[in-house]
Amino acid sequence: MSCKKNNFMRTTFTQLENFGHSLRAQSFVIQARTKDDVHSAFRLAKEKNLTVTARGAGRSYNDASLNGGGIVLDTSAWNLIQEWNPHTGQVRCEPGVTIEQLWQKVEPDGWWPPVVSGTMKTTLGGCLSTNIHGKNNFQMGPIGEHVLEFTAILPTGAEITCSPKLNADLFYGMISGLGMLGIFTSITLQMKRIYSGLLTVDAFPVPNLHSHLFALQENAPNYDYIVGWLDTTSSSIGRGQIHAAKYLHEGEDKNPQETFKLKNQTLPSRIFGVFPKSILHFFMKPFVNNFGVWGVNTAKYIVSLRKHSFKESHGAFHFLLDYVPNWERSFGQGGLIQYQSFLPKETAEFVWTQILKLSLKNKLPAYLGVTKRHRPDKFLLSHAVDGFSLALDFKVTDKNRKKLYSMLQEFDKIIIANGGRFYFAKNSETTAETTKIFYGEETVEKFRKLKKRCDPHGLLESDLYRRIFG
Amino acid sequence: MTNQTASPSTGKLAPATPLNPRRRALVIGASEGMGAALARKLAKEGYTLALISRQKDKLQALCSELNQKETVAISYPHDVTQYNEVPALLQKIVADLGGLDTVVFLAGVNFPPGGIDKYNFEYDKKMVEVNLIGAMAWLTPIAEMFHQAKAGQIVGIGSVAGDRGRVGNPGYNTSKAGFATYLEALRNRLTRHGVNVLTVKPGFVKTEMLKAAQGGTPFAIEPEKAADDIYKAMQKRKQMIYTPFFWRYIMFVIQNIPSFIFRKLSF
């Protein structure tokens, strides 16, 4: 059968999951470490009438890196940093290089990746496919804006090079293209100069959604990063805490060589030096329910009432999701999903007041709420708006699936009626109809044309692609 | 390629999402009796199904019945003794369903020799070819896949007839005993890899096959009852069940009848 090594290359039938452990799909997995591996995967797919999806770290919350019943090209071991120039800050990487590898390479030389995700485990191939954003999206845009050049293999077998000038349509299409146009084979990025391993962070409370969004909007221009935590369980809708951070200017840090050191950046693996964090998620489990989260959120808000400023390493500020390894396990058997909506600044307050109230009314509060400030970009499948985003984590259980599904469909309606957008490293339930409405028919048509050109036989397909473009 | 994920007559399968998770099952021997009853039960419980049977028309009819509201089942006409068709068909099914996590093998034939003084090699051969080798042709590549995936469930329908060699139908007893032993061996191989192997031993079930049975058929149950029992055992990831349950006690007694007595009995 397909598993025989000679017959079917080196495929392993594998049950893969999304990051939230809420969705599983079995696929034939091939390890890709070279361009030849990509070519032969396409040949195999064509011969066996199967589809292919690339998968890096598998950190998307939805079905973006799943391809049930088809071939999954695992690029996570294709991960050499090919070239690093500490004078220009340009770095060329293989697609499986993670943000973790990247920052640990460039930070000791006084550089930092201009855009990073909330976890450092993501791969650059995946980051480009979904065109990730960070807490500085309002200023630096998505990661795509810092790509100088990439090379890729198209399903036609063509090997191409793209930059904002060269093959520009493919450059702006493949970055954000959800991996459906081709497979990245190398990525050249421009890093950002930093003058200290530390950031200055200001933390202050916001009592309601209006002041929450106002604080994000007003403070963003004065900071390099801004992010809000939103207490999703409180009836004071939108109360929370803002963290805004600034780089240190040249000379502010008297001894940057010391703060650049990796040992001052990496997250400790033990609490109080003894308690290993790897088992912490086990102890969080009893709190991951409506009552427990209400208690934790309330306590967190009370603590956050104290306005304060402090200095924090880049590693600690950016990678909140890595503080507790495997924290997503604490959501139990059914796992979790994330629902992130992007809204123009004019309608955000109105819409989120409605949906947060709806979630409380349905007794299905989100367990985590995070807000950010955004600006538009010119990539083809863009999720950005001149406004804000709100990311909500929901626990999934056998009992709540149906109710949660209809609630999220309700959310979708309210959001697209108010000019909102969604992000497909996150949302797992958004349908093809909704997708067509918010991208707009013209964009979808443009994407389909590009797809037809790069992939005339339809070899690249993921479960996500079938869901939103099927 | 999207359109090929479902057979032309049935349209597309609904996508699986965290809030609409779909388990994917392959039912081999699905066109009637216990197989059809189990297919209906699994469809009702939210499974996406690939259905195999050599009876094309009955299979089509079952599919159209299951797909009334939305497409949940795809039919694959196939005779399990066409062993060389299995690898390609299995790959197609996995691609069409978008994965595979449950396989139920129910295909079986029963050709009694026609009396306790009759012998028929052709019948015996046919029963072993379908009930045992047919099962091995399918479950071997599936076991290999589930072994790699470290997940999945295999359900094999044996029979109380496999628990003891009796005077009436040596070939059938052998095929079912062999199947039960094969399943036990798979269980011992695969449990450590997270795969569950369930052996189901039905007593008498009111199906077409029962009509061929010789002698009395006490405690016969409807196939739907058997399907419910099988479904429950699947959910609990049991190793072995009798359906209905009391056959366990009957078979315990029968298995312990000493040979010197059993030799004199005529059932």
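**Ground rules.** I number residues from 1 along each chain as its sequence is written, and chains are lettered from A and ligands numbered from 1 in the order in which they are written. Because the model is predicted, local features need pLDDT of at least 70 and side-chain atom pairs count only at pLDDT 80 or more, while totals for chains, interfaces and linings use all residues.

**Sheet of chain B.** I looked up the strand order first. Seven strands of chain B make an open, parallel sheet, ordered β3-β2-β1-β4-β5-β6-β7. Its edge strands are β3 (73-77) and β7 (240-243), each pairing on one side only. On average, neighbouring strands of this sheet are turned by 15° against each other, direction ignored. I take helices (H or I, at least four residues) and strands (E, at least two) as DSSP runs, numbered from the N terminus. Two strands pair if DSSP finds at least two bridges between them. Axes are lines fitted to C-alpha atoms, for helices over the stretch in contact, with angles from 0 to 180 degrees between N-to-C directions.

I then checked β6(B), residues 196-202, which is joined to β7(B) by four bridges, the two running parallel. T199(B) stands opposite M240(B) in β7(B). Helix α4 (residues 121-149) of chain B lies across β1, β4 and β5 of that chain, at about 165° to β5(B).

**A73(B).** Is A73(B) buried or exposed? It counts as buried because it has 28 C-beta neighbours inside 10 Å. The cut-offs are 20 or more other C-beta atoms within 10 Å for buried, 12 or fewer for exposed, and partly exposed in between, with C-beta atoms placed from the backbone. A73(B) is in strand β3 of chain B. Beyond four places in sequence, its contacts (C-beta atoms, placed from the backbone, within 7 Å) include A39(B), L49(B) and C63(B).

**Strand β10 of chain A.** I found six of the eight residues of β10(A), 183-190, buried. β6(A), residues 90-93, pairs with β10(A) in the antiparallel sense over four bridges, with Q90(A) opposite Q190(A). β8(A), residues 147-153, also pairs with β10(A) in the antiparallel sense, over six bridges; there E149(A) has T188(A) as bridge partner.

**Where the chains touch.** The contact takes 33 residues from chain A and 27 from chain B. On the side of chain B, α3 (86-97) and α4 each supply at least two residues. The largest share, seven residues, comes from α3(B).

Methods
Two residues are in contact if their C-beta atoms, placed from the backbone, lie within 7 Å.
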